[in-house]
Amino acid sequence: MSLKGKRIIVGIGGLSVLIILFIFIMTWCYPYSPFSVKKNYVYQHNKVLHNGKTFKQIFNEFKGSYENDLKADLNNKVPNLTIDRTQYVLPIFEQDWLVSKDSIPIDKMKLDTMLFEVKQVSEIFLSLLVQVDYTSEQRGYLVNNIKDLLLLEENIIQLKNGSYLSRGELKRGFRNLSTEFTKNFDSFVTFYERSH
């Protein structure tokens, strides 16, 4: 092989190494970038306590109480729509990345699913607003829940479309999103408790 042929092979090999290194760096630094191979971010849940309890503990306490309400409501001739529809609301707060102690990978497909579910819950709240005769106080709580969900949608969309968000920006973004979900859950519980 001639010297020129060896230089071409070394040049192509060096270029290949540079491309692989570039893709590795982009995958690590910008997990959702078009150059990233995995296109996911591994989220480690904060162990933030609220009144000495984790979010999972608070959620499970409410869910247990709610399941008792649901069983009692099954005996009614006319079901309580707030109780009935709550079974479709709770799954957005029981997502693995919110309640698990483990690190959870979140890719754009998971963000799409999250966004879809939040939009579904918004529609449920809007239908409750029309179908149920709430007091003005209860309506106020429900309207606040709808507004909070719209903000949650915006936050999810920002993360989903954040192709060039760095790992640190994603960490902050998911931490804020987790806080928003917790806030939305507290707001929903307040509405639920005041509405029946």
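## Around serine 195

Leaving aside its neighbours within four places in sequence, serine 195 is in contact with Thr82, Tyr134 and Gln138; contact here means heavy atoms within 4.5 Å. Serine 195 lies in helix α7, where helices are DSSP runs of H or I with at least four residues, strands are E runs with at least two, and both are numbered from the N terminus. This is a predicted model, where local features need pLDDT of at least 70, side-chain atom pairs count only at pLDDT 80 or more, and totals for chains, interfaces and linings use all residues. Residues are numbered from 1 along each chain as its sequence is written, and side-chain values use heavy atoms, with hydrogens and water left out.

Is serine 195 buried or exposed? Serine 195 counts as buried because its relative accessibility is 11%; buried means under 20% relative accessible area, exposed over 50%, and partly exposed in between, using a 1.4 Å probe and protein chains only. A polar atom of its side chain lies 3.0 Å from the backbone oxygen of tyrosine 192.

Let's turn to the rings. Rings of Phe, Tyr and Trp (its six-membered ring) pair if their centres lie within 6.5 Å, with planes under 30 degrees apart counted as stacked, over 60 as edge-to-face and the rest as tilted. By this rule there are 18 aromatic pairs. Phenylalanine 62 and phenylalanine 188 form an edge-to-face pair, because their ring centres are 6.3 Å apart and their planes stand at 80°. This pair links helix α2, which holds phenylalanine 62, to helix α7, which holds phenylalanine 188, across 126 residues.

Tyrosine 66 and tyrosine 192 are also edge-to-face, since their centres are 5.9 Å apart and their planes are at 75°. Tyrosine 66 is in helix α2 and tyrosine 192 in helix α7, 126 residues apart. Tyrosine 66, at 3% relative accessibility, counts as buried, and so does tyrosine 192, at 2%.

## The β1 and β2 strands

Strands β1 and β2 pair in the antiparallel sense over five bridges; two strands pair if DSSP finds at least two bridges between them. Asparagine 40 has aspartate 107, in β2, as its bridge partner. On β2, Ile104 and Ile106 make up the covered face, while Ser103, Pro105 and Asp107 make up the uncovered one.

Note on methods: A polar contact is a pair of N or O atoms within 3.5 Å; within protein, one must be able to donate a hydrogen and the other to accept it, and residues adjacent in sequence count only if both atoms are side-chain atoms.
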